Amino acid sequence: MRLPSLPTLALSLALIAPLPAAAADLIGFWDAPRHGGNSFNRLPPDAAYFQALRGYGASWVRLSYDKWKPEHRDFLIGDADDYRRLSTADLKTLKATLARADAAGLKIVVAPLSLPYSRWAQNNGGRFDDRLWQDRERWDAAARFWRDLARELKDQPGIAAYNLINEPAPEKQGGLSEYASADERRDWYARQRGGARDLPAFYQRIVRAIREVDPDTPIMLDAGWYASAGGFAYWPAPLDDAKALYSVHMYEPYQVTSAPNLKRAKPYVYPGPAPYGGRDETWNRERVGAHLAQAFDWAKARGVPNTRLVAGEFGCVRQLDDCARYLDDVLVALDRAGAHWAFYAFREDAWDAMDYELGKKKVDWRYWDAMEQGKPDPVTRKAGPEFEPIRRRLAAGRE
């Protein structure tokens, strides 16, 4: 991948200098707002990739490995249908990648897309895997996986958090609408509490397993219903762990921000009216802020400081008119709240739709050719108008 060089040697040295954090990457790293990007690439990123992200001023990267070529059926897990032990070859690849990110001066949040009995849909023939939420005994395999992984990573330089599972959705096949009100969510949880779809209880089980081998590393918890802003509404209390972070993702209104919108004869525009929860609503800066406020209000009511809240993902399709305006409105809400954030996504080599450095044009044919051949992405990026809302804030953090 050809990447822009850093401006000067002095700047380069400044950017790769270690960020202030305890040696074991304790929760203190998160005591001030941290801004970063998501890495969901098909190939383990090289040093230049991480240096480029750090060069913009990012302090952390949320790293997923599930698209990388695995030794067996599922990367690191071996087989999500029958977890036995971590794949030795995959673990070596992961540690080498983590070391490159650390060398670039980035902190890393490790974010699996799959767990035992919960294979990521894109690695599962497009099918949602609900098995983990059908039987509490299956939680034991997920707990063993995370205990094994934490044991291996607890002394790995640069780790800032373990993001236990990306976008869990125990509610999806459990009878709760994605657009349910807060009261409906709480009523649903009252019926599910103690069962296999009890997400807080699942997280507490995994955290206990991790803490058996790693008492220090912060743990990031995605809200339910694909980490929706209202996904914490039914949680009666925060998790019993002083080093927990609470994460939501922001793509609402999905009918506007997602790729299918571009195929409509008349795409929905932002700001403007769009379908949401069975009715049309006008989405603008105020509505975006109100949507995200669901998470902030939940935290405030339970004494969770905003520095423990994270927007683990947010984005819009780069070819959408006013995508940059949408990004800016999301960031205004997050920055006002003092929350951490990571944009989706940085220089993804498997899906160009939210790679804002590419601008609005179709991606170079070499991008697809490299993907078919399993080669590194050769396309040059640059920061243009679509990336400006993110670039500006990353640069401010660097200063």
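Which residues form one aromatic cluster?

**View 1. The aromatic cluster of the predicted model.** In this predicted model, the cluster is made up of Trp133, Trp139, Phe202, Tyr203, Phe232, Trp235, Tyr246 and Trp298. Across the structure, the count of aromatic pairs comes to 35.

**View 2. The aromatic pair of Phe128 and Tyr226.** The ring centres of Phe128 and Tyr226 lie 6.4 Å apart and their planes meet at 70°, and because planes over 60 degrees apart count as edge-to-face, the pair of Phe128 and Tyr226 belongs to that class.

**View 3. The aromatic pair of Phe232 and Trp235.** Phe232 and Trp235 form an edge-to-face pair, in which the distance from centre to centre is 4.9 Å and the angle between the planes is 90°. Both Phe232 and Trp235 are buried, and both are among the members of the aromatic cluster shown in the opening view.

**View 4. Arg287 over the rings of Tyr276 and Trp283.** The charged end of Arg287 is placed over the ring of Trp283, at 4.2 Å from the centre of that ring. Arg287 also lies over the face of Tyr276, where the distance to the ring centre is 5.6 Å.

Definitions and conventions. Residues numbered from 1 in each chain as written. Predicted model: local features only at pLDDT ≥ 70, side-chain atom pairs only at ≥ 80, totals over all residues. Heavy atoms only, no water. Phe/Tyr/Trp six-rings, centres within 6.5 Å; stacked < 30°, edge-to-face > 60°. Buried < 20%, exposed > 50% of the residue type's maximum accessible area, 1.4 Å probe, protein only. Lys NZ or Arg CZ within 6 Å of the ring centre and 35° of its normal.
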